[in-house]
Amino acid sequence: MTTSAQAQVIPLHAPGREKPADVEARAGETPADAPVVAFPTRIAPEEPPAPEPDALSRFLGFLRHRLTGDYEVDEFGFDPELTDNLLLPPLRLLYEKYFRVTTHGAENLPADGGALIVCNHSGTVPLDAVMTAVAVHEETPGHRHLRMLGADLVFQTPLLGALARKTGQTLACTSDAERLLCSGELVGVWPEGYKGIGKPFSARYRLQRFGRGGFVSAALRTRVPIIPCSIVGAEEIYPKIGDLKPLARLLGLPYFPVTPFFPLLGPLGAIPLPTKWHIEFGEPIRTDGFAEEDLDDPMLVFSLTDQVRESIQTTLYRRLAHRRSAFKD
């Protein structure tokens, strides 16, 4: 007896779980690339900026560098590294905290190139010159140094003369001024001289004679602008009420001041009063528009000298008119 067995088809899916028709239709096709999902990656945190070295570290670094002897000094003896690291920090404290100097018209200071800054002079001790130099350094974009023209007595004094040279000062003579201006430096001059800083307290903020106008001649020959600078606040730091002339002659000084506190209180009387200062740089007076043959004209020199002096005096009176106190903002 012949028996025939029939193959039985066993479904791969249970009832109700059959493949959909569209899936079966695509079974033989190559599927499209699946979209790639980017998983978030961990972003490395930015490194914090390196902390600036503190004052002690900067000072130690300055000392190490000085021991190598690898630093620059110009033909006048100016040592910018020594000035920036050793002298400016204490002067900046005096400028910001003690006299609380407010600077006006800093935009009139050139970012580069030569200019002659002409200031009023006062205060019995010439701290106004030092504070003006700090103002120029702090208020110019490139932290420029003011090359001050000093009197003979400054450079004849032991230690003080060498220090003055190191900080960029030079003798107040036309030739040195012209060399500095031609090399693109900012030069500061106080044409009242001893008459300005040594005047009595009763004559405060009244400008003295400006000499023969040598600073104007230097600016004319080098074709640089003249910037009037008015300083309010310096007149009251040492109110001069007397002058011991015999003692001044004995010491070789232009005057020996007597103030309400000096010499009565001895060294304590030499501490300046903490007045509030304002330093204003006026609009530049151009000197490059004159003909060559007019540069030595005495009348031109006199006219420009008078213009600079009048600009400073007018600014002083304007500042004083708006000042409430010599010691307050």
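Aspartate 79 is buried, with a relative accessible area of 0%; buried means under 20%, exposed over 50% and partly exposed in between, using a 1.4 Å probe and protein chains only. The model is predicted: local features need pLDDT of at least 70, side-chain atom pairs count only at pLDDT 80 or more, and totals for chains, interfaces and linings use all residues. Residues are numbered from 1 along each chain as its sequence is written, and side-chain values use heavy atoms, with hydrogens and water left out.

**Around aspartate 79**
- Aspartate 79 sits in the loop between α2 and α3 (80-98).
- Helices (H or I, at least four residues) and strands (E, at least two) are DSSP runs, numbered from the N terminus.
- Leaving aside neighbours within four places in sequence, aspartate 79 is in contact (heavy atoms within 4.5 Å) with Arg66, Tyr71, Glu72, Val73 and Lys166.

**Helix α3 against helix α4**
- α3 and α4 (residues 127-139) pack at an angle of about 100°, their axes 10 Å apart.
- α3 is therefore roughly perpendicular to α4, a label for angles of 65 to 115 degrees.
- From α3, the contact uses Asp84, Leu88, Leu91, Arg92, Leu94, Tyr95 and Glu96.
- From α4, the contact uses Val130, Met131, Val134, Ala135, His137, Glu138 and Glu139.
- Axes are lines fitted to C-alpha atoms, for helices over the stretch in contact, and angles run from 0 to 180 degrees between N-to-C directions.

**Nonpolar patch**
- Leu56, Phe59, Leu60, Leu63 and Leu86 make a nonpolar surface patch of about 420 Å².
- Patch residues have over 30% relative accessible area and no salt bridge, and nonpolar side chains (Val, Leu, Ile, Met, Phe, Trp, Tyr) are joined within 5 Å.
- A salt bridge is a side-chain nitrogen of Lys or Arg within 4 Å of a carboxyl oxygen of Asp or Glu.
- Helix α2 (residues 55-68) gives the most to this patch, with four residues.
- Leucine 60 lies in α2 and counts as partly exposed, at 38% relative accessibility.

**Helix α9**
- α9 (residues 214-222) is mostly covered, with seven of its nine residues buried.
- The buried residues are Phe215, Val216, Ser217, Ala218, Ala219, Leu220 and Thr222.
- Their cover includes β2 (115-119), α7 (174-182), β5 (186-189), β6 (226-232) and α11 (298-321).

**Whole protein**
- The protein has 11 helices and nine strands.
- Buried residues make up 39% of its 329 residues.
- The accessible surface comes to about 20,100 Å², and 59% of that belongs to carbon and sulfur atoms; areas come from the Shrake-Rupley method with a 1.4 Å probe.

Definitions and conventions. Patches are made of residues with over 30% relative accessible area and no salt bridge: like charges are joined within 9 Å, nonpolar side chains (Val, Leu, Ile, Met, Phe, Trp, Tyr) within 5 Å. Angles under 35 degrees count as roughly parallel, over 145 as roughly antiparallel, 65 to 115 as roughly perpendicular and the rest as oblique.
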